Amino acid sequence: METKSLRLAYGEALVEEGRANTDIVVLEADLGKSTMSCLFKDAYPERYFEMGIAEQNMASTAAGMALAGKVPFYSTFAVFAAGRAYDQIRCAIAIPEANVRICGSSCGLSDFGDGKTHQSVEDANIMCSIPNMTVLNPCDAVETRKMVRAMLSHKGPVYIRINRNELPVYTAADTDYEIGRMYRIRKGSDVVIFATGSMVWKSMLAADLLEAAGISAEVVNVSSLKPLRKEEILKYTLGKKAIVTAEEANRIGGLGCAIAGLIIGEVHLPFAQVAIDDQFGTSAYGYDELLERYGLTERHIAEAACGAIAKRAIRH
Amino acid sequence: MDDQKIRHLQATAQQLRRNVLEMIGIGKAGHWGGSSSLAETMAVLYFHAMRVDAREPCNPARDRLVLSKGHAVLIQYAALCELGYFPREELKRVKSLDGLLQGHPDLTIPGIEAVTGSLGQGLSIGVGMALALRLEKRPAHVFVIMGDGEQSEGQLWEAAMAASNFEVDNLTAFIDLNRIQATGHTDEVFRIPDLVQKWNSFGWEVLNARGHDVTSIAENIDKARSIKGKPALIILETIKGKGVSFAENTATYHNGVFDDARFAQAMHEIALATDMREEVA
Ligand SMILES: Cc1ncc(C[n+]2csc(CCOP(=O)(O)OP(=O)(O)O)c2C)c(N)n1
């Protein structure tokens with residue numbers, strides 16, 4: 001399958017949007033060659049602000065620019081973008097609903113070599129818990145491109161979480177995209193898998209495994225982690241025998257918890273969560289090894305689906 | 001230091017560089033630049049200045065080294081391995097899934113004193129250790145190594161103020177002034193002029209050392225330790241990537257990948273430098 005770099009798509013999108021929209025400004029903290037915001041620097045150097053290795057200052061500066069009418073995008077690794085500058089985001093960006101776009105790059109375990117200090121298992125979870133914040137987690141490069149466009153017309157702060165590695169492309173360039181909607185990528189009738197980010201890829205592979213076992217799995221791309229709309233969830237759980245959620249993030253306070261929280265007591269279906277089990281990351285030679293270690297492969301998702309369906313069988 | 005000691009420390013520094021290259025290997029990203037610029041400093045600290053013992057890595061009386069620029073941990077692993085903190089085989093498994101040695105400093109590793117890697121935090125940790133040691137009336141000394149790019153992190157200046165506020169004199173900090181950060185020259189990425197005046201005005205005694213000259217480093221450490229009533233900083237004039245010609249003074253090998261040919265050339269240059277030193281000796 002064709003794979004593409006999400007961070008390259010992010011950098012290219014900034015350049016394309018920056019051509020017509022001269023209010024766009026970009027801030028970076030010495031990681032522009034990783035986040036690919038360096039492309040914007042090359043295109044519009046006067047609107048690019050290299051802030052040095054100073055993420056907290058970068059966040060508050062971006063807030064000031066937004067309050068003065070600009071459309072700032074700031075980027076760095078997800079751990080630093082969301083974690084290092086948490087209180088700055090909360091106070092200077094989220095409370096005043098400043099139009100700051102925050103890009104947490106190299107999210108999840110995708111920065112495989114650097115280990116736990118650089119792997120963000122909780123960035124999106126933290127961001128989701130901040131009032132007024134919108135949180136996006138694209139599954140591929142094409143969706144990343146569309147999100148950057150959508151962020152421009154969105155009011156209030158947005159956090160976008162971007163994988164370091166190339167991922168297969170599942171979305172189409174010519175279909176609509178709207179923040180807060182879910183997108184079904186594969187139709188199925190037995191089990192619905194709500195997946196986000198890289199786990200859309202793994203869930204699509206899991207659906208193949210399940211099909212071979214005679215189970216029809218539906219895969220829904222939850223690329224807006226927040227807002228998460230109940231009616232969207234209900235649309236896809238209707239008529240299914242079980243629900244699975246899949247995220248490359250800590251299981252506490254993530255997608256699985258959020259979906260369960262919205263439908264508990266209303267939807268009576270077995271539920272299985274595929275996520276990182278409340279642990280930090282670790283160094284590895286490759287990304288796939290880590291996904292295997294942390295239980296985030298197609299096999300884990302397929303097993304979770306089978307387990308959930310079996311629970312239902314036992315209950316009946 | 002006598003000549004023999006000097007030669008020993010020089011040779012040790014080269015051995016540490018060789019260890020780092022072996023850890024990075026071929027085709028994998030690794031922080032060569034900021035590791036190699038610290039080879040002489042690590043040699044002097046671990047093989048001359050610091051009171052540490054691999055057999056007692058948790059002895060409360062030991063000196064501590066906090067590597068605030070944690071991405072350069074390979075050079076610290078290189079030294080810890082030579083001192084016997086862990087078996088040499090671990091070097092080959094650095095950053096592997098079940099290896100001991102993580103991509104950044106981790107407390108699971110014998111000899112490592114703090115979790116760093118998120119820049120700008122090491123000095124605060126060091127000040128905390130120094131204050132605790134002072135409360136316990138222990139003579140141990142704390143060393144903290146920062147980067148020059150790292151100087152843009154605000155927290156580090158909060159720690160600088162705390163250290164002088166508390167008159168911490170059982171701590172010595174270093175800045176590895178190699179003039180390059182992750183994406184380019186510090187002068188182009190983010191300028192921080194008058195570093196010496198800045199630290200002076202924050203209440204620190206500032207010393208300068210030639211960062212690839214073991215005698216200069218050792219003398220300045222002695223000086224720093226003798227300063228009472230205020231913290232001391234040693235600015236190390238260094239070359240990022242030192243020891244491998246094509247990797248010197250460039251951001252390319254900040255966290256770069258060596259291909260087969262480049263790796264062979266790098267190993268060759270380190271070996272050659274070591275041989276020449278021995279001949280001179
Ligand atoms: C808080 C934080 N932001 C960003 C990074 C990514 N990063 C790792 S090393 C580095 C550059 C460090 O430059 P410098 O301090 O000069 O170190 P040296 O050149 O000596 O390696 C950056 C930006 C990080 N590790 N931590």
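The points below begin with the ligand and then turn to the pockets.

1. Please bear in mind throughout that this is a predicted model. In this model the ligand lies between chains A and B, and among the 25 residues around the ligand those that come nearest are Glu55(A), His71(B), Gly117(B), Ile180(B) and Lys240(B). By class, the shell around the ligand has six nonpolar, 10 polar and nine charged residues.

2. Of the 590 Å² of accessible area that the ligand has on its own, the protein covers 99%.

3. The ligand takes up the space of the largest pocket, whose volume is about 980 Å³. Its lining comprises 50 residues, with Leu31(A), Asp114(A), His31(B), His254(B) and Asn255(B) nearest the centre. Two or more lining residues come from each of helix H2 (32–35) and strand S4 (71–77) of chain A, and from each of helix H1 (3–24) and strand S7 (256–257) of chain B. This lining divides into 18 nonpolar, 18 polar and 14 charged residues.

4. The second largest pocket has a volume of about 370 Å³ and is lined by 19 residues, of which Val79(A), Lys116(A), Thr117(A), Glu122(A) and Phe280(A) lie nearest its centre. Helix H5 (78–84) and helix H7 (123–128) of chain A each supply at least two residues of that lining, and H5(A) gives the most, with six. The lining of the second largest pocket has seven nonpolar, seven polar and five charged residues.

Notes:
Residues are numbered from 1 along each chain as its sequence is written. Chains are lettered from A and ligands numbered from 1 in the order in which they are written. This is a predicted model: local features need pLDDT of at least 70, side-chain atom pairs count only at pLDDT 80 or more; totals for chains, interfaces and linings use all residues. Side-chain values use heavy atoms; hydrogens and water are left out. A residue is near a molecule or strand if one of its heavy atoms lies within 4 Å of it. Accessible areas come from the Shrake-Rupley method with a 1.4 Å probe; for residues, only the protein chains shown count as cover. On a 1 Å grid over the protein atoms alone, a cavity is a set of points where a 1.4 Å probe fits but cannot get out, and a pocket is an open set with protein on both sides within 12 Å along at least five of seven lines; lining residues have an atom within 4 Å of a point. A molecule sits in a cavity or pocket if more than half of its atoms lie within 2 Å of its grid points. Ala, Val, Leu, Ile, Met, Phe, Trp, Tyr, Cys and Pro count as nonpolar, Asp, Glu, Lys and Arg as charged, and the others, Gly among them, as polar. Grid points are joined across faces, edges and corners, and a volume is the space filled by probe spheres set on the points. Helices (H or I, at least four residues) and strands (E, at least two) are DSSP runs, numbered from the N terminus.
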